[in-house]
Amino acid sequence: MSNTIVPRESEMSLAELRGDCARMAPHWVVPAKAAAKPVEPSRIHGVTVPPSSARLIDAMSDYGD
């Protein structure tokens, strides 16, 4: 049985957390971004959108007003 006391996660300081992240960052690999290829509308089948969702999107100015 070990006498080591491990602090709970909630007791970890922000500085300790940032230090842990900085040490792990070199190990994180960013995959190459694959370019999305456009799909012809005629190939899209079986997608249904409830009328309430369509009205919600239609009412948003970011989507084609």
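1. Surface first. The protein exposes about 6,900 Å². Carbon and sulfur atoms supply 60% of that area. Keep in mind that this is a predicted model.

2. Burial. The protein has 65 residues, and 0% of them count as buried. Buried here means under 20% relative accessible area.

3. Secondary structure. The protein has 2 helices and 0 strands. Helix α1 covers 14–24 and helix α2 covers 51–58, with a loop between them.

4. The nonpolar patch. Which residues form a nonpolar patch on the surface? They are Val 39, Ile 44, Val 47 and Val 49. Together they have about 390 Å² of accessible area.

5. A closer look at Val 39. Val 39 sits in the loop between α1 and α2. Its relative accessible area is 51%. The cut-off for exposed is over 50%, so Val 39, at 51%, counts as exposed.

6. The salt bridge. A search of the whole structure finds 1 salt bridge. Arg 23 forms a salt bridge with Asp 20. Their closest N and O atoms are 2.2 Å apart. In general, side chains of opposite charge can pair when their charged atoms come close.

7. Placement of the pair. Arg 23 and Asp 20 both lie in helix α1. They are 3 residues apart, so about one helical turn separates them.

8. Exposure of the pair. Asp 20 has 27% and counts as partly exposed.

Terms used
Residues numbered from 1 in each chain as written. Predicted model: local features only at pLDDT ≥ 70, side-chain atom pairs only at ≥ 80, totals over all residues. Heavy atoms only, no water. Patch = residues over 30% accessible without salt bridge, like charges linked within 9 Å, V, L, I, M, F, W, Y side chains within 5 Å. Areas by Shrake-Rupley, 256 points an atom, 1.4 Å probe, with all protein chains shown as cover. Salt bridge = Lys/Arg side-chain N within 4 Å of Asp/Glu carboxyl O. Helix = DSSP H or I, 4+ residues; strand = E, 2+ residues; numbered from the N terminus. Buried < 20%, exposed > 50% of the residue type's maximum accessible area, 1.4 Å probe, protein only.
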